[in-house]
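Subject: Structure handover

Hello,

Here is the structure I promised to pass on. Please open it first, then read my notes below.

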Amino acid sequence: MTLTIDFNLAGTGWADCIVQFNETKCEISASYLSDALGSLVVCGVAVLAGVHSISVGFDEEPGEYRWAVTSGDGNQVRVVILSFPQLWGNRPDSEGEPLIAFELTRLEFGIAVRDAASKVLAQHGEAGYKSRWVQHDFPTSSLTLLNDYISRRERDR
């Protein structure tokens, strides 16, 4: 099982994100109205910390893409990316349109999130990220915490 997340700053205040699990691919986007990458990194931390469920949104204009992550059997998590037509509609996950769904280990999810954020940091740096993402700083402390959780999980294997 392979998950890749390709988060690209597409312009000032906009990002494109391609999520691919094995052969299944989903393309979503986000605007600066939310801290999309920061939220995704926090989601990775929460998953590795053992959270039962977490949802984070990529705000769009006018809709929302929501990552809904729930724990499964043992060390597995289920990830569903949902689409909602209305931004800030606060609708339950059950009303969203599923775009992609997959199951993998907590560690695999955390590594994919880390790799996506690390690529953005290497490409833009903290200052470049801030200049393109406008209202949000790069999630440096959250990425450091995610790396710590990954290192611990890899040592405990």
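**Cysteines and a helix pair**

Cys43 counts as buried, at 0% relative accessibility. Buried means under 20% relative accessible area, with a 1.4 Å probe and protein chains only. Cys26 is buried too, at 5%.

Some background. This is a predicted model: local features need pLDDT of at least 70, side-chain atom pairs count only at pLDDT 80 or more, and totals for chains, interfaces and linings use all residues. Residues are numbered from 1 along each chain as its sequence is written, and side-chain values use heavy atoms, without hydrogens and water.

Now the helices, which are DSSP runs of H or I with at least four residues, numbered from the N terminus. Helix α1 covers residues 36-49, and helix α2 covers residues 106-133. Their axes come within 9 Å and cross at roughly 150°. The axes are lines fitted to C-alpha atoms over the stretch in contact, and angles run from 0 to 180 degrees between N-to-C directions. α1 and α2 are therefore roughly antiparallel, a term for angles over 145 degrees.

Cys43 returns here: it is among the α1 residues that meet α2, including Leu40 and Val47. On the α2 side, the residues include Phe109, Val113 and Trp133. Contact means heavy atoms within 4.5 Å.

Best wishes

Definitions and conventions
Buried means under 20% relative accessible area, exposed over 50%, partly exposed in between (1.4 Å probe, protein chains only). Helices (H or I, at least four residues) and strands (E, at least two) are DSSP runs, numbered from the N terminus. Angles under 35 degrees count as roughly parallel, over 145 as roughly antiparallel, 65 to 115 as roughly perpendicular and the rest as oblique.
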